[in-house]
Amino acid sequence: MKTMRSQASTLPTWMFVSLLTGLCAAACGPREPAEPQVPDDEQTVLYGECRSDAECPPERRCELELCVVPVAEATLRYGLTILPSSASNIAPQKISAQAWPVSGTSVAVEELVTLELHVEGISPERSATLVAIPEESFSEAQPQGSVIGGRTTLRLGRGDYAIILVPDGGDLPRYDLGTLSVEEDGARTLDVPPTSQLRELRGRLVRRSGLPLDLLDLPVQGARVIGIDPESRQTTSTAITNGLGDFTLLAPDDARSYDLRVSPAQPDALIPQATFEDAFGPESDSGRFHLGNWLIELLQLEVRLQSATHFEPEDWSTYAIEARAPLGIGELLLPIPVDSGGRARARLLAGTYALRVRPPAESALEATTIETNLLEGLSTTVELDARPELSGRVVDSSGAPVASARLRMEPLQRSDFSRSIATLDDGSWSARLPAGDYRVTIVPPANLGQPRQVETFSANAQSPTLLWRLAAPTIVRGQLEHPQYSTGAITVQLTHPETGEILAEGRTDTSGRYQLIVPAPALEELR
């Protein structure tokens with residue numbers, strides 16, 4: 001029995017803005033929460049306005065036309081992450097934390113290594129993709145090469161890589177070709193087990209109708225199946241069940257055990273997502289897998305989306321509906337398309353469904369979930385409430401507004417939602433966000449000379465107007481150097497020596513020089 005589970009003017013600009021806002025509120029009545037007041041306890045100095053130290057507050061000096069906090073120490077301790085573009089000959093690399101001269105330092109960087117790879121054991125007519133996964137990864141990039149005629153070329157940074165061969169078509173399994181140590185240019189040969197050494201895993205997917213006294217197994221056609229080793233994540237080939245519910249998977253002949261993962265081959269197929277644990281063992285290469293009981297009796301459900309507020313989308317087709325319900329031993333997940341008028345139709349099995357409506361990121365309406373039973377009605381209306389409205393301002397350490405700052409807002413809890421907006425000329429911003437707790441990364445324009453900053457906040461109906469004050473800036477300089485290749489237009493990140501947190505980011509000029517704007521409070525942790 002198989003076990004199973006489911007899956008500087010005299011008056012600063014901001015004061016004019018506040019004055020105009022107050023006059024509007026007095027004439028029109030209360031509309032929005034009052035803007036946060038910025039203390040006028042420092043001289044307002046914008047980037048490009050200081051020409052000498054005399055124009056800056058006493059504790060700062062004018063550097064690059066920016067009033068910065070001077071660094072008293074001869075060295076600061078930090079790490080660097082080098083992220084070249086895909087066209088660069090320089091390798092992505094991390095430089096461990098060390099003491100760097102404050103006045104500027106030369107940083108030697110490594111070039112990419114070129115490997116000519118010959119893949120033996122794969123037919124010259126078959127195409128595949130070779131993926132190199134770095135053991136110490138600091139970016140999401142995974143170098144890949146197309147294998148044609150058994151050959152490919154990879155350009156990699158120095159280090160160790162796990163090499164995975166993914167044949168095109170899905171009829172062969174992924175091959176784990178082991179670890180490849182990369183130190184210098186050269187040629188290597190990678191061996192792939194021949195097809196004759198592959199292990200065949202055969203099975204049949206079935207269900208029952210659920211009718212009384214019906215003990216007949218019915219085949220499940222059109223299911224996508226794949227075997228997954230729960231420990232190593234090694235996978236088999238994929239297959240689609242035929243009219244008899246039969247499938248055959250190919251796996252490396254390495255005595256692994258595999259779970260069997262089942263999902264619909266087509267999004268609208270009435271097949272549950274399910275996982276059979278230990279479906280195939282080291283000495284068990286076949287099995288019959290029962291997905292449970294359900295009766296194919298389709299009912300048409302009609303759904304109408306509407307706003308419970310004055311926000312009414314012009315086009316509802318960007319909204320997504322997902323119907324979710326238990327089915328057999330697994331769970332049915334069925335996307336339902338929405339037309340521009342907010343109507344959706346789907347033919348579903350009789351039963352109770354959770355309908356989840358997901359608005360697009362820029363929508364003013366909140367996501368919602370309702371439950372509907374098709375035996376009690378074949379039409380339903382889903383009303384969407386408004387998302388909490390938030391507003392705020394971004395100012396620099398002297399209280400001057402920061403215009404055109406990019407705000408990237410991401411939930412603290414794992415989610416696929418994110419929202420990016422920009423501040424207006426007066427540093428203000430507003431947005432409607434799903435209720436919850438957020439992390440915002442504030443990235444001022446590159447030419448402003450202000451440090452990036454991370455804040456947290458909560459989005460709810462009682463959220464106050466938010467004021468984010470950027471820390472005073474200081475400047476860290478350096479230059480990337482390589483004896484042969486250009487080091488221009490490379491992204492450089494300055495990282496915390498202990499936590500690895502990114503404190504500053506910038507790009508090199510054509511000569512490889514960089515100037516990173518670091519929040520002055522961070523200097524204490526870099527000393």
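**Figure 1. A cluster of aromatic rings.** In this predicted model, ring pairs join F417, W429, Y438, F457 and W468 into a cluster. Rings of Phe, Tyr and Trp (its six-membered ring) pair if their centres lie within 6.5 Å; planes under 30 degrees apart count as stacked, over 60 as edge-to-face and the rest as tilted. Residues are numbered from 1 along each chain as its sequence is written, and side-chain values use heavy atoms, leaving out hydrogens and water. Because the model is predicted, local features need pLDDT of at least 70 and side-chain atom pairs count only at pLDDT 80 or more, while totals for chains, interfaces and linings use all residues.

**Figure 2. A stacked pair, Y78 and W100.** Nine aromatic pairs turn up in a search of the whole structure. For Y78 and W100, the ring centres are 5.9 Å apart and the planes stand at 25°, so this pair is stacked. Strands (E, at least two residues) and helices (H or I, at least four) are DSSP runs, numbered from the N terminus. Both Y78 and W100 are buried, where buried means under 20% relative accessible area, exposed over 50% and partly exposed in between (1.4 Å probe, protein chains only).

**Figure 3. The second largest cavity.** Which element gives the largest share of the lining of the second largest cavity? That is β36, with three residues.

**Figure 4. A459 and its surroundings.** A459 belongs to strand β34 (residues 453–459). With a relative accessible area of 3%, A459 is buried. Not counting residues up to four places away in sequence, A459 touches P388, L390, L433, P434, A435, G436 and Y438; contact means heavy atoms within 4.5 Å. The C-alpha atoms of A459 and L433 are 6.7 Å apart, although 26 residues separate the two along the chain.

**Figure 5. D229 in a loop.** Look for D229 in the loop between β16 (223–228) and β17 (235–240). Is D229 buried or exposed? D229 is buried, because its relative accessible area is 9%. Its side chain makes a polar contact of 3.1 Å with the side chain of R256. A polar contact is a pair of N or O atoms within 3.5 Å; within protein, one must be able to donate a hydrogen and the other to accept it, and residues adjacent in sequence count only if both atoms are side-chain atoms. A polar atom of the D229 side chain also lies 3.0 Å from the backbone nitrogen of E231.

**Figure 6. T491 and its partner R507.** T491 lies in strand β37 (residues 491–495) and is buried, with a relative accessible area of 13%. The side chains of T491 and R507 are joined by a polar contact of 3.2 Å. Beyond its neighbours within four places in sequence, T491 is in contact with T81, I82, L83, E505, G506 and R507.
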